[in-house]
Amino acid sequence: MITIKTSNFEMGAVSTKQFPNDNLPEFAFAGRSNVGKSSLINCLVNRNGLARSSSTPGKTREINFFLINEAFRFVDLPGFGYAKVAKQEQAKWQAYIDSYLCSKRNIRGVIHLVDSRHPGLDNDLMMAEFIKHTNLRCILVANKVDKLKKNQIQKNKAQMTKIFGQEPIMFSTSSKLGKSQLWSTIEEWMKN
Ligand SMILES: Nc1nc2c(ncn2[C@@H]2O[C@H](COP(=O)(O)OP(=O)(O)OP(=O)(O)O)[C@@H](O)[C@H]2O)c(=O)[nH]1
Ligand SMILES: [Mg+2]
C-alpha cells in the first residue's frame, strides 16, 4: 500500500472554472448520498475528518479536491438520490457531477461506491450507465459490509456482480476491509 505523507483539502468547487489548473492524476468518488464516499477517502488516507462525513445525507455539496502526497488528487463528489434534498438542489449537484466527470481532466478512474446491503438500486444502475458513457475506468465498491451478516456478504456480492457486470470490492470503512484491494486498483490506474 502506498505511504501517505501528506493529504490536504484544496478546494470545494461549484463550477469548472474553479477546478485546479494543472494536470495531476485524479480519482473520483461517486455514489448516492450517505453511502460513505467521504468516509472512504478518510479511510484510504488514514485521516479521520479530512473529508467531512455525516450521518445526515447531503453533507458534501460541492466538488471537493484533496491533494495527496502533492502528487495526485482524490475528488469527493456530491451524493445523489436523497429524496429529502429539494429537486432543484439535487439537479444542481447532478450538474456538478456531470461537469466534472465529462471534463477533459486527467481522471484516472472512478470509484463508484454503493451500499452492500442494497444491491442494484435504480439510481446506482443509472450512475453505472453514466460512468460507462464517459469511457472512464470504474471500480465498484460495496461499502458497509460490517452491517451484513456473514452469509449475506457472498450472496449480495454475487448479486451485484450479476447486476453491474463487474465484481465489487466488498468494503467497510469501519473495519478497513477491502482497503488494500482498493489501493491496488488505484495504484494500477496511477501507472497508466
Ligand atoms: N456501518 C458503517 N457506517 C459507515 C461506513 N462508511 C460510512 N459510514 C457512515 O455512513 C454515514 C455517511 O457517511 P459519509 O462518508 O458522510 O457519506 P457520503 O457518501 O460522503 O455522503 P454525502 O456527502 O451526503 O453524499 C456516516 O454516518 C458514516 O459514519 C461503513 O463502512 N460502515
Ligand atoms: Mg460526503
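The points below go from the cores to the ligands and then to a few single residues.

1. **Ground rules.** This is a predicted model, in which local features need pLDDT of at least 70 and side-chain atom pairs count only at pLDDT 80 or more, while totals for chains, interfaces and linings use all residues. Residues are numbered from 1 along each chain as its sequence is written, chains are lettered from A and ligands numbered from 1 in the order in which they are written, and side-chain values use heavy atoms, with hydrogens and water left out.

2. **The main core.** The largest nonpolar core holds 25 residues, and Phe 74, Ile 111 and Leu 182 have the most contacts inside it. Such a core is a set of buried Ala, Val, Leu, Ile, Met, Phe, Trp, Tyr and Cys residues joined through side-chain atoms within 4.5 Å. Buried means under 20% relative accessible area, exposed over 50%, and partly exposed in between (1.4 Å probe, protein chains only).

3. **Who builds it.** Two or more residues each come from strands E2 (26-31), E3 (63-68), E4 (72-76), E5 (107-115) and E6 (138-143), and from helices H1 (37-45) and H5 (179-191). H1 gives the largest share of this core, five residues. Helices (H or I, at least four residues) and strands (E, at least two) are DSSP runs, numbered from the N terminus. There is also a second, separate core of 20 residues, with Ala 13, Ala 30, Tyr 100 and Leu 136 among them.

4. **Leu 182 up close.** Leaving out residues up to four places away in sequence, Leu 182 touches Leu 40, Leu 44, Ile 111, Ile 139, Val 141, Ile 169 and Phe 171. Contact here means heavy atoms within 4.5 Å.

5. **Helix H1.** H1 is mostly covered, with eight of its nine residues buried. They are Lys 37, Ser 38, Leu 40, Ile 41, Asn 42, Cys 43, Leu 44 and Val 45. These buried residues pack against strand E1 (7-13), E2, E3, E4, E5 and H5. Just after the helix, Asn 46 takes a positive phi of about 60 degrees; this residue lies in the loop between H1 and E3 and counts as exposed at 54% relative accessibility.

6. **The magnesium site.** Ser 38 (OG) and Thr 60 (OG1) coordinate the magnesium ion (ligand 2) at 2.1 to 2.2 Å. Ser 38 belongs to H1 and Thr 60 to the loop between H1 and E3, so the pair ties together parts that are 22 residues apart in sequence. Both residues are buried. Donors are N, O and S atoms within 2.8 Å of the metal (3.2 Å for Na, K and Ca), and sites may look incomplete, as water is not among the atoms.

7. **Ligand 1.** How many residues surround ligand 1? There are 23, and the closest are Lys 37, Ser 39, Gly 58, Asp 146 and Thr 173; a residue counts as near if one of its heavy atoms lies within 4 Å. An oxygen atom of the ligand lies 2.9 Å from a backbone N or O atom of Gly 36. Ser 54 places a polar backbone atom 2.9 Å from a ligand oxygen atom, and for Gly 79 a backbone N or O atom is 3.2 Å from one. Taken alone, ligand 1 exposes 660 Å², and the protein buries 87% of that. Areas come from the Shrake-Rupley method with a 1.4 Å probe, and for residues only the protein chains shown count as cover.

8. Asp 115 lies in strand E5 and is buried, with a relative accessible area of 6%. The side chains of Asp 115 and Arg 117 make a polar contact at 2.8 Å. Such a contact is a pair of N or O atoms within 3.5 Å; within protein, one must be able to donate a hydrogen and the other to accept it, and residues adjacent in sequence count only if both atoms are side-chain atoms. Not counting residues up to four places away in sequence, Asp 115 touches Arg 32, Val 35, Asn 143 and Lys 144. Lys 144 has a phi near 65 degrees, a positive value in a residue other than glycine, and is buried at 19% relative accessible area.
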